[in-house]
Amino acid sequence: MSDAPLPATRGTQGVRIFSWLMVTAVLVFLINNYLSFWRDWPGAGALLAGEGGLLSGLQIGLYALALIGTVLYVSRSPGRALRADAAVMSRGVKFFIRWAFFAVLLVGLADIAVSFLRVEELLPAQITQVLILLGTDPAAAATQGTEIADAWGFNANRAPQVHLPLIGVALLLAIVLPTLGFHWLAVLVVLAELSIVITRFIFSYEQAFQGDLVRFWYGALFLFASAYTLLEDGHVRVDVFYAGLSSRTQGALNSFGCLVMGILFCWVVLYLGMATKSSVINAPLQSLEVTQAGFGMYVKYLMAGFLAIFGVSMMIQFSAYLLESVADWRGDPGGRAHHLHGHDGDHPSEV
């Protein structure tokens, strides 16, 4: 393999179109999933079966729009470096994951507080006090406090009244605070587990919501951090031969892995999880599913959504990683592999 880098634009248009198309297609897939299963649109496939009419045509049109927009964007920026596009995708993933982390942090803390107050029969009194502080008449506050506490025993009320506003607050925090913060979530998982040990063996107190919080946060940590770990090239790889290869050969192998074992895997996760109304992601989200463990947390439906967040974030990051890998294979400057390895094909100025 020649050491000379390829011309700046030679062979890059196709991979740029493909990578951006994967990003836009997955976003259209999510939009169509919402339209089909939450708004009862017929689905993009209905038109192909001779059904669906205008609405189905519009859903197919979204995919066509994604393709046309991608081609136009790439054709109008022919000299743009692969790594520049990859950096844009990675920044988007960082923001998306940062929002998700803040959301599970806030929802977890709020929901466990509500669950604790409910199981200890303190929730009506606490809500009443809050309403009084907000200026509500004490008698009316007592009635409303009881009604709200009873309503929060059903996730049809708790999810839109407690969870969704906090997810909105998490979005604002993700914009204001430029940090992923998932290392703090790892610490909180340990503290949540430690609290179970302390309350069980010292105070002989344990409730279902304590274990639910650990699983909620740990599931988020595991699934959300995957895309960031890929961004930092931190996944464990079997590199018996890989470490000794040149940066260009590594780039070629990584490109193949992104296509066959990365992007394809993400599409399988998303399709199997969201293909029908009863799929493993759609069904819990639509029914606001909760655990059957009495006074546990009401966040099981969100944990099903973790799989969708995993699939989408990994799809975008694999698309970015594909661009980086092709850039490595081409010998483009600025890659991490060039800085980390000094094998054949590297340029002294880049090591």
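**View 1. Helices α4 and α12 cross at roughly 160°.** In this predicted model, helix α4 spans residues 82-119 and helix α12 spans residues 300-330. Their axes come within 9 Å. Angles over 145 degrees count as roughly antiparallel. α4 and α12 are therefore roughly antiparallel to each other. Their crossing is left-handed. Sorted by type, the residues of the α4 contact with α12 comprise 18 nonpolar, four polar and five charged.

**View 2. Helices α5 and α6 pack at about 135°.** Helix α5 covers residues 123-133, and helix α6 covers residues 138-151. The two axes lie 8 Å apart. That angle makes α5 oblique to α6. The α5/α6 crossing is right-handed. On the α5 side, the contact is made by Leu123, Pro124, Ile127, Thr128, Leu131 and Ile132. On the α6 side, the partners are Pro138, Ala141, Ala142, Gln144, Gly145, Thr146, Ile148 and Ala149. By type, the residues of this contact split into 10 nonpolar and four polar, with no charged residue.

**View 3. Isoleucine 60 sits in helix α3.** This helix runs over residues 53-75. Is isoleucine 60 buried or partly exposed? Its relative accessible area is 28%. Buried would require under 20%, so isoleucine 60 counts as partly exposed. Setting aside neighbours within four places in sequence, isoleucine 60 contacts Ala44, Leu47 and Leu48. Asparagine 32 is 28 residues away from isoleucine 60 in sequence. In space, the C-alpha atoms of isoleucine 60 and asparagine 32 are 8.9 Å apart.

**View 4. Phenylalanine 265 belongs to helix α10.** Helix α10 extends over residues 247-274. Phenylalanine 265 has a relative accessible area of 39% and is partly exposed. Which distance separates the C-alpha atoms of phenylalanine 265 and glycine 311? The separation is 8.5 Å, although these residues are 46 residues apart along the chain.

**View 5. Confidence across the predicted model.** The mean pLDDT of the protein is 86. A value of 70 or more is reached by 88% of the residues. Over residues 337-351, the pLDDT is below 50. Beyond near neighbours in sequence, this stretch has 35 contacts in the model.

Technical notes: Residues are numbered from 1 along each chain as its sequence is written. This is a predicted model: local features need pLDDT of at least 70, side-chain atom pairs count only at pLDDT 80 or more; totals for chains, interfaces and linings use all residues. Side-chain values use heavy atoms; hydrogens and water are left out. Axes are lines fitted to C-alpha atoms, for helices over the stretch in contact, and angles run from 0 to 180 degrees between N-to-C directions. Helices (H or I, at least four residues) and strands (E, at least two) are DSSP runs, numbered from the N terminus. Angles under 35 degrees count as roughly parallel, over 145 as roughly antiparallel, 65 to 115 as roughly perpendicular and the rest as oblique. A crossing is left-handed if the near helix is turned anticlockwise from the far one by less than a right angle, and right-handed if clockwise. Contact means heavy atoms within 4.5 Å. Ala, Val, Leu, Ile, Met, Phe, Trp, Tyr, Cys and Pro count as nonpolar, Asp, Glu, Lys and Arg as charged, and the others, Gly among them, as polar. pLDDT is the predictor's confidence in each residue, from 0 to 100. Buried means under 20% relative accessible area, exposed over 50%, partly exposed in between (1.4 Å probe, protein chains only).
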